[in-house]
Amino acid sequence: MSSDVRFTDFKSDKQPTWCPGCGDFGTMNGMMKALANTGNDPDNTFVVAGIGCSGKIGTYMHSYALHGVHGRALPLAAGVKMANPELEVMAAGGDGDGYSIGVGHFIHAVRRNVDMSYIVMDNRIYGLTKGQASPTSREDFETSTTPEGPKQPPVNPLALALSAGATFIAQSFSSDAMRHTEIVQEAVEHDGFGFVNVFSPCVTFNDVDTYDYFRDELVDVGETDHDPTDLEAAQDVILDPEKEYQGVLYQNEQANAYGAEHGLSENMAEIPDGAPEDATDLVREFY
Amino acid sequence: MPADFNWAVGGEAGDGIDSTGKIFAQALSRAGRHVFTSKDFASRIRGGYTAYKIRTSVDRVQSVVNRLDVLIALTPRTIEENLDELHDGSVIIYDGERTTMEDAPIPEDVVGLDVPLKRLAEEAGGAIMRNVVALGAACAVTDFPIENLDSALEKRFGAKGQKLVENNKDAARKGKAHVEDTDDHEFKYDLETTDNDYVLLNGDEAIGMGAIAAGCRYYAGYPITPATDVMEYLKGRIEGYGGHVVQAEDELSAINMALGAARAGARAMTATSGPGIDLMAETFGLVATTETPLVIANIMRSGPSTGMPTKQEQGDLNAMLHGGHGEIPRFVLAPTTIDECFWKTVEAFNLAEKYQLPVYLTGDLSLAVTEQTFEPDAFDMDEVEIDRGKLVDEENLAEWQNEKGQFQPHALADDGVSPRAVPGTDDGAHMTTGLEHDELGRRTEDTEMRVKQVDKRDRKVETAKQRESWQPREFGDAEADTLILSWGSNEGAMVEAIEMLADDGIDVRFISVPYIFPRPELDDAIDAAEDILVVECNSTGQFADLIEHDALVRVNRINKYNGVRFTADELADRISGALTEAPEVPQ
């Protein structure tokens, strides 16, 4: 493990196939920088990706990585971290992966509070299947499968996380490179489940939630007197019907992460050549 | 062979039937007697009918029979449910002062022993001990030294304080004394004791113990009958060996957590039953195509859908062999006895790592919840061997790098087995994916690479067939014209049926198959046989289909799918019936 890791060390030699202008380029750059800035290197990092445009990220980054099935990145990543707490574990996916097919796991991953980060590239559309409504699509957003709009309110992932007992809730914008990197870095450094919803615009299929929209509308809580340790203040910004925010919206540094709560510290990959030394005790129990 | 003795306690769920039965089984085991238990239970917390049955002998017992010598009946239904098993001289212990039992239907020829279980229990300190009073009464009927019961009561209640233990011992003595003082029957039962030491455990426990012995450090699961015991066994024990148990939010999460732990290099497993296997199917494909070692225990119950959750069936064989879309190798092991549950679990972990694929370890409800006695050295930990396969470290990793210095987790090795670098290994960083991938683990749709990767994965099976022993277990007369084949938990009943058939002049050769895929070559045995009968607990004969496919023969099928396991006497009857009635089967 070298101390002079550069963020480009986390880049693979495979060229991304994302559309030119896709928000995921900026999202990924911030992730790589955050990992490098926190002293990690590719050999001690495990990236888990779901399915969708976002899921391709494991291919474009260089680290230990698994590109899994649709919606199951979080339990997979939790298993990696529990088995080897020395690894830096990051899960990545999109709004469909995390808030539709995988939303059941999202709630429980938040509750479990495994020390890892979860970066969701939220473009409010299904891009890879060429433009259908996602769980974060607006109520009147017209798509091929919802010609009159979904006619149901979008999921508020931040509120879901807050209600499930999250210890770190943040939001960023892929195009605001410096802030995005800072926010992801805070999620990586957080001792627990560091959740970042990243606005990562789809330039091909979403003409509503665009770069211009986020650039004009996002309020950075870093520029206000927002106190992320104040639960009520967090509720106010997360449930605000008028505005959308970026920055660390909520953080609870008091709660124990899963590993500390369950006494996990050993690398489970290391086992003896035979049965454990006192395994015969197990047989004696059955007398 | 000294006669076996058959005992049961039955009542409603919530009556403490299971713990009462377990205490008596433990007492018998501690008295140096062999024990084989079975349970009738329903998927409900209270009410219904539930029973715990024990067959015991000084010799080894490995199946149930349809006969009851002593029955502790807490409800009238318990008697009705067991009428067919009671015989001239059977004894029913019941509490005639309990309102529902006042007019209990005691059959003629059967001795009804009316013992005021509740009243005597209250005298000993609490009505809750009424089942223990009944155990004391059973000791009197069977001339079984009550000190053995004391020992089991200490094991059961010791952690809750000596007072409780003493109260229970007193309750047992009150039951015993009541029978001795008030009843003048001459009972013909005499449970002699020996100096032998036995351990008593069920199949789920044997799987859990095998997992710890094999170095499993990570278990993720979702509760489901009859696999939950594996998780409950591991919880509280595996931690002492550096491991961890997680109760996941569903089976999808469970298998993904286990997959994650396995990617991190841990020996990992999950256990479930049919509905869970269905839910895990998609990730199963991911495990297999990413070539990740994982042990998936499938403790079968009756299906499809929710089926009969607390009943026996071996209906998932095809689901394990063919489940999931696409084509991908997996191994399927089916231990045939409780001690083999231990050894096949150890083997499953070794095979998973040596061949980097998912291994189904399948038991069924009968194996899972049945307890049986064994000599302790049936689980000799010194015999456990660990083989982690082609695990590479910093020193030999370079052999598997390409010209750019990139590690190749899916290298096209001659034997089909690629190298495996666990995260944290310097210069080993790599990805893998559920997409078809190249040697670097990256997505590809290249037609040649697709074929090479499919062939490589299939080659692992050929390698394993050559390198490993896939021997079946054989019993009976090797020269007999009649060949019986079976898989999984039917072995015990079938082994006892061999003796019964021999008594009727029918010699059979019995091959019990613990490997479903890859499976042993049976051609010679099949060629040599005149009649071939395949025994299994399902309706269509899924294993029989495999045998017919492998050997290009037609076989007779002995199937059972009413939710109850085969008994030895039933198997003997059905086999002799099939041999005398069945028309010639064209070869």
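## Ground rules

Residues are numbered from 1 along each chain as written, with chains lettered from A in the order they are written. Because the model is predicted, local features need pLDDT of at least 70 and side-chain atom pairs count only at pLDDT 80 or more, while totals for chains, interfaces and linings use all residues; side-chain values use heavy atoms, leaving out hydrogens and water.

## Chain A overall

Let's start with the fold. Chain A has 11 helices and 8 strands (DSSP runs: H or I of at least four residues for helices, E of at least two for strands). Its radius of gyration is 20 Å, close to the 19 Å from the globule rule for 287 residues, so chain A is as compact as a globular protein of that length (C-alpha atoms are used, and the rule is 2.2 Å times the number of residues to the power 0.38).

As for contacts (heavy atoms within 4.5 Å), take those in chain A with a separation of 6 or more: 71% of them join residues 24 or more positions apart. Of the 287 residues of chain A, 59% are buried (under 20% relative accessible area; over 50% is exposed, in between is partly exposed, with a 1.4 Å probe and protein chains only).

## A look at L391(B)

Over in chain B, L391(B) sits in the loop between β14 (371-374) and β15 (431-433). L391(B) is partly exposed, at 29% relative accessible area.

Leaving aside residues up to four places away in sequence, L391(B) touches N396(B), R420(B) and V422(B). The C-alpha atoms of L391(B) and A421(B) are 6.1 Å apart, though 30 residues separate them along the chain.
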